[in-house]
Amino acid sequence: MLIFAIDDEPKALRVLCRCIEEAEPGAVLRAFDTAVEALDAIRSGGLRPQVVFSDIEMPAISGLEFAVALKTASPDTKVVFVTAFSQYAMEAFRVRAHGYIMKPLTPEDVRTELDELPMAMKPQKNRLRVRCFGSFEVFWQEEPLKFKRRQTKELLAYLIDRMGVSCTSEELITVLWDDPGNLKDAKHAIRNLVSDLRETLKQIGMEEVLIRRGGHIAVREELLDCDYYRMLTGDMAAVNAFRGEYMSNYSWAELTAGTLHFRSMLRQADRSADA
């Protein structure tokens, strides 16, 4: 579970983090002293916390303003306000905050709020989280997955783009190299990349993501939490997250990017017609 903690007062932030760590020892915790930084981590960094514990009275962006912005940036994230001022209670629930804790808080307060999370917000185990919108990135337990080779990561990106369709070595060669040179050497390089990818996934216990049969390779879609896949199923959070960029670090992804942009334009046209 990824949890954000936000408070502009250093001492209050330390107390909040300690309570979260005691209440949920296995959580990945990110602390911020401004809501602006937290929003940037979500919008630009691609992080999707299950829950945010936030102060309300903060400079630049208040906790209430943060909650409103969060509905667009990460609609599934829940907000729990932590404040010393009870007069904000009605306003907090107006912006559909998940919870409201009065300071001084305790680990028991945090645990109570976490226990009240809807089942849909419980972290999904044994799935890689994949971000295709913007630049391509893969996360394991909310940390970027590290690849030994740049092309190993690109190989996985292409397999994800193919959505479970089996790929041959020849196809992968044409995608990964503009001028593959000697075909025999290129096939050997592909085998090395596939082996490297399998070892990378094996280190986190996710080698089953890859399917290898008779010289063909593909991915198991059901083991991936992917914004691209969710958009295609009509998930509105993923639809709203698409801003016209798809795997922007790879030129071969431009075709899919164009298709998604066209789908997005059609959806906007349908909304305008309904309005």
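## The four-stranded sheet

Four strands make up an open sheet of mixed pairing, in the order β8-β7-β6-β11, where two strands are paired if DSSP finds at least two bridges between them and where strands (E, at least two residues) and helices (H or I, at least four residues) are DSSP runs numbered from the N terminus. The edges of this sheet are taken by β8 and β11 (224–226), each of which has a single partner strand, so one side of each is left without a neighbour in the sheet. Strand β6 (residues 128–131) pairs with β11 in the parallel sense over three bridges, and L128 stands opposite L224 in β11.

The model is a predicted one, in which local features need pLDDT of at least 70 and side-chain atom pairs count only at pLDDT 80 or more, whereas totals for chains, interfaces and linings use all residues. Residues are numbered from 1 along each chain as its sequence is written, and side-chain values use heavy atoms, with hydrogens and water left out.

## The five-stranded sheet

A further open sheet is formed by five strands in the order β2-β1-β3-β4-β5, with parallel pairing. Here β2 (28–32) and β5 (99–102) stand at the edges with a single partner strand each, so one side of each is left without a neighbour in the sheet. From one strand to the next the twist averages 20°, angles being taken from 0 to 180 degrees between the N-to-C directions of axes, which are lines fitted to C-alpha atoms and, for helices, fitted over the stretch in contact.

Strand β1 (residues 2–6) pairs in the parallel sense with strand β3 (residues 51–54) over four bridges, I3 having V51 as its bridge partner in β3. With β2, β1 pairs in the parallel sense over five bridges, and the bridge partner of F4 in β2 is R30. Five of the five residues of β1 are buried, so the strand is largely enclosed by the rest of the structure; buried means under 20% relative accessible area, exposed over 50%, and partly exposed in between (1.4 Å probe, protein chains only). Both faces of β1 are covered, with L2, F4 and I6 buried on one side and I3 and A5 buried on the other.

## Helices across the sheet

Helix α3 (residues 63–73) lies across β1, β3 and β4 (78–83) and runs at about 180° to β4, while helix α5 (residues 107–115) lies across β1, β3, β4 and β5, running at about 175° to β5.

## Salt bridges

A search of the whole structure finds twelve salt bridges, each defined as a side-chain nitrogen of Lys or Arg within 4 Å of a carboxyl oxygen of Asp or Glu. One of them joins R111 to E24, with the closest N and O atoms 2.4 Å apart; R111 lies in helix α5 and E24 in the loop between α1 and β2, so the pair ties together parts that are 87 residues apart in sequence. R111 is partly exposed, with a relative accessible area of 27%.

The side chains of D55 and K103 also meet in a salt bridge (3.7 Å, N to O). Because D55 lies in the loop between β3 and α3 and K103 in the loop between β5 and α5, this pair ties together parts that are 48 residues apart in sequence. D55 is buried at a relative accessible area of 6%, whereas K103 is partly exposed at 26%, and D7, D55 and K103 are linked in a network of salt bridges.

E142 lies in the loop between β7 (137–140) and β8 (143–144) and is buried, with a relative accessible area of 12%. Its side chain is joined to that of R129 by a polar contact of 3.2 Å, a term for a pair of N or O atoms within 3.5 Å in which, within protein, one must be able to donate a hydrogen and the other to accept it, residues adjacent in sequence counting only if both atoms are side-chain atoms. Not counting residues up to four places away in sequence, E142 touches L2, R30, L47, R48, Q50 and R129, contact meaning heavy atoms within 4.5 Å.

D196, placed in helix α8 (residues 183–202), is buried yet has no salt bridge, the nearest side chain of opposite charge being R149 at 4.2 Å; for charge, Lys and Arg count as positive and Asp and Glu as negative, while His and the chain ends are not counted. The side chain of D196 does make a polar contact of 2.6 Å with the side chain of T152, and D196 is in contact with K148, R149 and T152 when its neighbours within four places in sequence are left aside.
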